[in-house]
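This report describes one protein chain for a reader who is new to structures. Please keep the sequence and the 3D view at hand while reading.

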Amino acid sequence: MTNITTLSQISKAVLSTVRIERRPNNALTRSAPFREAFFAILIGLGALGSTVLPVWAQESSDIAKQAQNPIANLISVPFENDFNPHTGINKEDSYVLEMKPVVPFNLSNDWTLITRTIIPVIQVPDLSPRVDGTTGVGDVQESLFLSPAKAGPVIWGAGPVISFPILGTKKLSVGPTVVVLRIQGHWLFGTLVQNLFSVAGPAARANVNQMLMQPFANYNLKHGWYLTSSPIITANWEVNPNQRWVVPVGGGLGKIVHFGKLPVNIYTQFFRNVERPDGTSSWSARLQAQLLFPKKRGE
């Protein structure tokens, strides 16, 4: 019950940072300036991290590696908030809040199925004279990773990914997804790759053929702190090559903290987009709070 109550409280706190309203001229705005809220959260996280009791230190180091593994055998609920300034024809800010629950299922002694759902709440300004801005729940993605129950030197998972149209593409899309990673000493590194192809939807809408690749590298320090870099690289194969890629470069800092007995993985990263289409932001910031529900010993 304690974990459920904490989850509700933190969810409300995270969701309260993305309240959106529309001005009379249909331009999108926020009910409160994002920059002030973003840096206030960072200051709060720093204060919170300094109050973590030493008794959690060793446990935090172990949990950090599980939190950094996209297909770890534990339930987690990340809330990822991405900020992209100066987007679109009017150079307005764009925001995406994604809830990404990960739930593993033990199929047998040899295999585990990991489900990963992405539910985005988006605020996008007018991108061009023909592409209006929008706000609401974006396309929902469901990934299914089949992974060996007993991890070897290289941990992997593979399966299908399905994108359900809500806002955004208006197309039902499917494709393959795979993640490969390795843990070596203080390091955890690997990559996640997927490619979506549209299979149904309005003929007037553009077809979907889009790749997403997320390399990640983490160096774990003492007391649950770690250095991290996990840029999201995308390629839209349906457009001209000079408008195809988004390639961010950057990284940040993270820490495992505790709300009572509930561990939470918190990090922030900043990226510079070295390759990007016209009308997109030259840099972005990401803040994530990931609720972790590790199995008790003996389970």
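The text below goes from the whole chain to its core, its cavity and its aromatic pairs.

## The chain as a whole

The model is predicted. The chain has 3 helices and 17 strands. Of its 299 residues, 43% are buried. Among contacts with a separation of 6 or more, 57% are between residues 24 or more positions apart.

In soluble globular proteins, nonpolar side chains tend to be buried together. The largest nonpolar core in this model has 10 residues: Ile71, Val102, Ile114, Phe145, Ile155, Val179, Leu181, Leu188, Leu192 and Phe216. Strands β10 (172-184) and β11 each supply at least two residues of this core.

Leu181 sits in strand β10. Its relative accessibility is 2%, and because buried means under 20%, Leu181 counts as buried. Leaving out residues up to four places away in sequence, Leu181 touches Asn69, Pro70, Ile71, Pro153, Val154, Ile155, Leu188, Phe189, Gly190 and Phe216. One of these, Ile155, is 26 residues away along the chain, yet the C-alpha atoms of Leu181 and Ile155 are separated by 5.3 Å.

Ile114 is another residue of the core. Which residues is Ile114 in contact with, leaving aside its neighbours within four places in sequence? They are Pro70, Ile71, Val102, Val103, Pro104, Ser143, Leu144, Phe145 and Ser147.

Ser76, in strand β3, is a buried residue with a relative accessible area of 5%. Not counting residues up to four places away in sequence, Ser76 touches Lys100, Pro101, Val102, Gln290, Leu291 and Leu292. Ser76 and Pro104 are 28 residues apart in sequence, and their C-alpha atoms are 9.4 Å apart in space.

## The cavity

Rolling a probe the size of a water molecule over the atoms shows where empty space is left. The structure holds 1 cavity of 30 Å³ or more. The volume of the largest cavity is about 400 Å³. Its lining has 24 residues, and the closest to the centre are Ala67, Gln68, Pro70, Tyr267 and Gln288. Two or more lining residues come from each of α3 (57-68), β3 (75-87), β12, β13 (225-229), β16 (262-275) and β17 (283-293). By type, the lining of the largest cavity divides into 10 nonpolar, 11 polar and 3 charged residues.

Gln288 belongs to strand β17. Is Gln288 buried or exposed? Gln288 is buried, with a relative accessible area of 7%. Its contacts, leaving aside neighbours within four places in sequence, are Pro78, Phe79, Glu80, Asn265, Ile266 and Tyr267.

## Aromatic pairs

How many aromatic pairs does the structure hold? There are 5. Two of them are set out in the table.

| Pair | Distance between ring centres | Angle between planes | Arrangement |
|---|---|---|---|
| Trp111 and Trp156 | 6.1 Å | 75° | edge-to-face |
| Trp187 and Tyr219 | 5.0 Å | 65° | edge-to-face |

Why is the pair of Trp111 and Trp156 edge-to-face? The planes of the two rings are at 75°, and an angle over 60 degrees counts as edge-to-face, so the pair has that label. The reasoning is repeated for Trp187 and Tyr219: their planes are at 65°, so this pair is edge-to-face.

Each pair links distant parts of the chain. Trp187 is in strand β11 (residues 187-200) and Tyr219 is in strand β12 (residues 209-220), 32 residues apart.

Trp111 counts as partly exposed at 35% relative accessibility, and Trp156 counts as partly exposed at 35%. Trp187 is partly exposed, with a relative accessible area of 43%. Tyr219 is partly exposed, with a relative accessible area of 28%.

Finally, Phe83, Tyr95 and Trp283 form one aromatic cluster.

Notes: Residues numbered from 1 in each chain as written. Predicted model: local features only at pLDDT ≥ 70, side-chain atom pairs only at ≥ 80, totals over all residues. Heavy atoms only, no water. Phe/Tyr/Trp six-rings, centres within 6.5 Å; stacked < 30°, edge-to-face > 60°. Buried < 20%, exposed > 50% of the residue type's maximum accessible area, 1.4 Å probe, protein only. Helix = DSSP H or I, 4+ residues; strand = E, 2+ residues; numbered from the N terminus. Core = buried A, V, L, I, M, F, W, Y, C linked by side-chain atoms within 4.5 Å. Contact = heavy atoms within 4.5 Å. 1 Å grid on protein atoms, 1.4 Å probe; cavity = no way out; pocket = protein on both sides within 12 Å on 5 of 7 lines; lining within 4 Å. Points joined across faces, edges and corners; volume = space filled by probe spheres on them. Nonpolar A, V, L, I, M, F, W, Y, C, P; charged D, E, K, R; others polar.
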